[in-house]
Amino acid sequence: MVQPTKNGVKGKTKNSSQTQQTTPQAASGQKTGAAKATPPASHKAGTRKNGYKPLASMEEYEAVAKKALEDPEGYWGERAKSLLHWFKPWEKTLSYDFNEPRVEWFAGGKLNASYNCIDRHVEGPRRNKVALIWQGDPEDDVRIWTYQMLYDRVCRCASALKNIGVRKGDRVVLYLPMIPEAVVVMLACARIGAVHVFVFAGFSAASAQSRIQDCEAKVVITADGMFRAGRVMPLKANIDEALKDCPTVRRVIVVNRTNMSTSMKERRDIWWRDLMADRSLNARLPAVPMDAEDLLFILYTSGSTGKPKGVMHTTGGYLTYAAHTTQAIFDTREEDVHWCTADVGWITGHTYALYGPLLLGGTTVLFEGGPRWPDPDRYWQIIEKFRVNTFYTAPTAIRILIREGDEWLERSDRSSLRLLGSVGEPIDPETWHWYRDKVGDGNIPLVDTWWQTETGGIMISPLPFTTPLKPGSATKPLPGIDVSVVREDGKPAKVNEEGHLVINKPWPGMLRGIFGDPAKFKENYFSRFPGRYLSGDGVRMDEDGYLWLLGRLDDVINVSGHRFSTAEMEAAFNAHPSVAESSVVGMAHPVKGEVIYAFVQLNADEKATESIRSELRKWVRREIGPIASPEYIQFTEGLPKTRSGKIMRRVLRKIVSGQIDELGDLTTLSNPDVIDSLVEEYERLVGMSSMR
Ligand code: WT7
């Protein structure tokens, strides 16, 4: 039955006439900083039941931010102490040197992530509170676990991992769909001091292999297959493929998710249910006290070089930052249901679907499926079903749903929502308004949160109810976060001048390094502007001190909030026997933010046909993963190169952004004659697809 929305947003939209799509660039294209700030929604100030007291005004924000920068140890020390349980207090709050680089928070302190997420709640009145609401891809597949239930499972899993030889510091790779077992394994690893390394299930066998090799994993945990929009896809088969060359892996644990036929290798592979059926498992296995700077997890992400980087996060700082930012930005209340739609296999899922909410004793929703199946109102149905209060998703998901039409909103009651969040890419004002005014009631806060895998948690974001909002701006850094906008030469940029976003001081959630590659840690983040952390993002600050994020300045492409390095994509193309050379750039896209656009030069004896085009597309999906499907593959007789043989990607970027008249100085090109045919073929290819 179609129900009228209780949000009463119909006809109340300010922008209903502007239903055309805007690219994220529209947000950045808005060069003046003059967008007016909307006054924050009113809320009951004062202390929450859980003891949290939100900042009441921007004056208070300024004062707290000033104090936090003057005395970071005092500020973060208080946060760490009041948000976490420490087995042993730390000796030194912070010691660091951004030139080496080296960062240590809470050195000497002992704590455990699993204990903080579960045990301390089980010991108190939250024992029977719902920790996890899991909604499977099939509607009837729902699992609801209390903290006590989660505790039992995590202890037993930790005990089982110990039995198969997992020790403190060992790496355990998770290649799992969005199922509750993923959460159990993450917390079980943390419980015994093993390091969890999630490889998102959308990555290919080859991508899984290189990550397993890089971190020298001892154990891999996967599932037979996964559900996606009602279909079944194999996972274990990818792991079998990956493990052909991974000598460090001793055991593979397989969760039965889909009942598909699965081959099991004797002595190596074991079914999850058999592992967990052991009666002798210790359902009260104590959590191991870890040093604050012990590794909690590694997560691979793409940088400007070809090889993915294993970003390292440690226990004390990461947990402090996860708990603190969840509290400050989602204003988590005791009775809240929080839903972050990101897969737990990404940093957003790590921090805001799992660690943040559980550290605060909250209730978190995990959803296995996607926004459009079986119907494009799946998200809204889930919000209604579980009366979700705080909802956190990516602009690309919102833009997909805008396209499906407003009528899909009318069938659900979203009046439980009191806060909306956005993450992963710039949110253009058009999408911002639809999200806030139509998904929400036009009055609840929408927090546009900027951060990265490397930052561990949100860095720039409005504080709900406190910071006046400007659609398209992530507003201001959180108190204690010291950012600058700098020019190429490192000098401060002027008001509204575009520059590099850098971070001047350490924060507890920051990465501690790249696994196995300290030199890359320095080179990637601390060498461009010595003494400062380089984010890789472009930004400008308006006259009110609001930050407008403008996308990556390095060779990273952001497709629907997923990061790819152009070098990594090129390496995949170049590995194909028919390819001579390739160059990959990001192209603005109205729904996905950016898409992958590849210029490919085939071997001289190879004909550019549609069949080789589709073969290459399949090839790259196999090399990197289905999430890395190139949108456009343009064949070319040559790539624009400098005399020294370097491909001028700048020119290609201009071409795919349609700025044909602004290709810039081409005199340094060794082969300027390729330009005309590049432009012609681009126009044919892109023109053709837009007619489809
Ligand atoms: C890159 C980080 C941890 C967030 C999920 C993606 C872009 C992220 C925003 C935002 C503009 C954003 C940046 C950043 N990004 N959030 N609110 N506004 N851009 O994590 O894969 O590490 O990607 O995502 O370009 O550098 P990630």
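Reply: Start with the side chain of Asp-269. It makes a polar contact with the side chain of Arg-268, at 2.6 Å. A polar contact is an N or O pair within 3.5 Å; within protein, one atom must be able to donate a hydrogen and the other to accept it, and sequence neighbours count only through two side-chain atoms. The side chain of Lys-236 is another partner of Asp-269, at 2.8 Å.

Before going on, note that this is a predicted model: local features need pLDDT of at least 70, side-chain atom pairs need pLDDT 80 or more, and totals for chains, interfaces and linings use all residues. Numbering runs from 1 along each chain as its sequence is written, and side-chain values use heavy atoms, without hydrogens or water.

Asp-269 belongs to strand β12, residues 269-271. Strands here are DSSP E runs of at least two residues, helices are H or I runs of at least four, and both are numbered from the N terminus. Is Asp-269 buried or exposed? Asp-269 counts as buried because its relative accessible area is 10%. The limits are under 20% for buried and over 50% for exposed, with partly exposed in between (1.4 Å probe, protein chains only).

Now step back along the chain. Arg-267 lies in the loop between β11 and β12. Its phi is positive, about 65 degrees, although it is not a glycine. Most residues other than glycine have a negative phi. Arg-267 is exposed, at 73% relative accessibility. Asn-259 also sits in the loop between β11 (251-255) and β12. Asn-259 has a positive phi of about 65 degrees too, and again is not a glycine. With a relative accessible area of 64%, Asn-259 is exposed.

Next, other backbone features. A positive phi, near 50 degrees, also occurs at Arg-387, which follows α12. Within α12 (residues 378-386), the buried residues are Arg-378, Tyr-379, Trp-380, Ile-382, Ile-383 and Phe-386. A cis peptide bond joins Trp-373 to Pro-374, with omega about 0 degrees. Most peptide bonds are trans. Glu-100 and Pro-101 are likewise joined by a cis bond, with omega about -5 degrees. Pro-101 falls in the loop between β1 (92-97) and β2 (102-107).

Two buried loop residues are worth a look. Thr-467 is in the loop between β20 and β21 (483-486). Its relative accessible area is 3%, so it is buried. Its side chain reaches the backbone nitrogen of Leu-463 at 2.9 Å. Its C-alpha is 40 Å from that of Arg-211, which is 256 residues away along the chain. Ser-204 occupies the loop between β7 (195-198) and α7 (205-215). Ser-204 is buried, with 5% relative accessible area. In space, Ser-204 and Ile-624 are 5.4 Å apart, C-alpha to C-alpha, while 420 residues separate them in sequence.

Finally, the ligand. Which residues come closest? Of the 17 residues that surround the ligand, the closest are Thr-449, Thr-453, Asp-537, Arg-552 and Arg-563. A residue counts here if one of its heavy atoms lies within 4 Å. Thr-453 places one at 2.6 Å from an oxygen atom of the ligand. Arg-552 has one at 2.7 Å from a ligand oxygen atom. For Gln-452, the distance to an oxygen atom of the ligand is 2.9 Å. Taken alone, the ligand exposes 550 Å², and the protein buries 96% of that. These areas come from the Shrake-Rupley method with a 1.4 Å probe; for residues, only the protein chains shown count as cover. The elements giving two or more residues to the shell around the ligand are α11 (347-359), β20 (446-449) and β25 (547-552).
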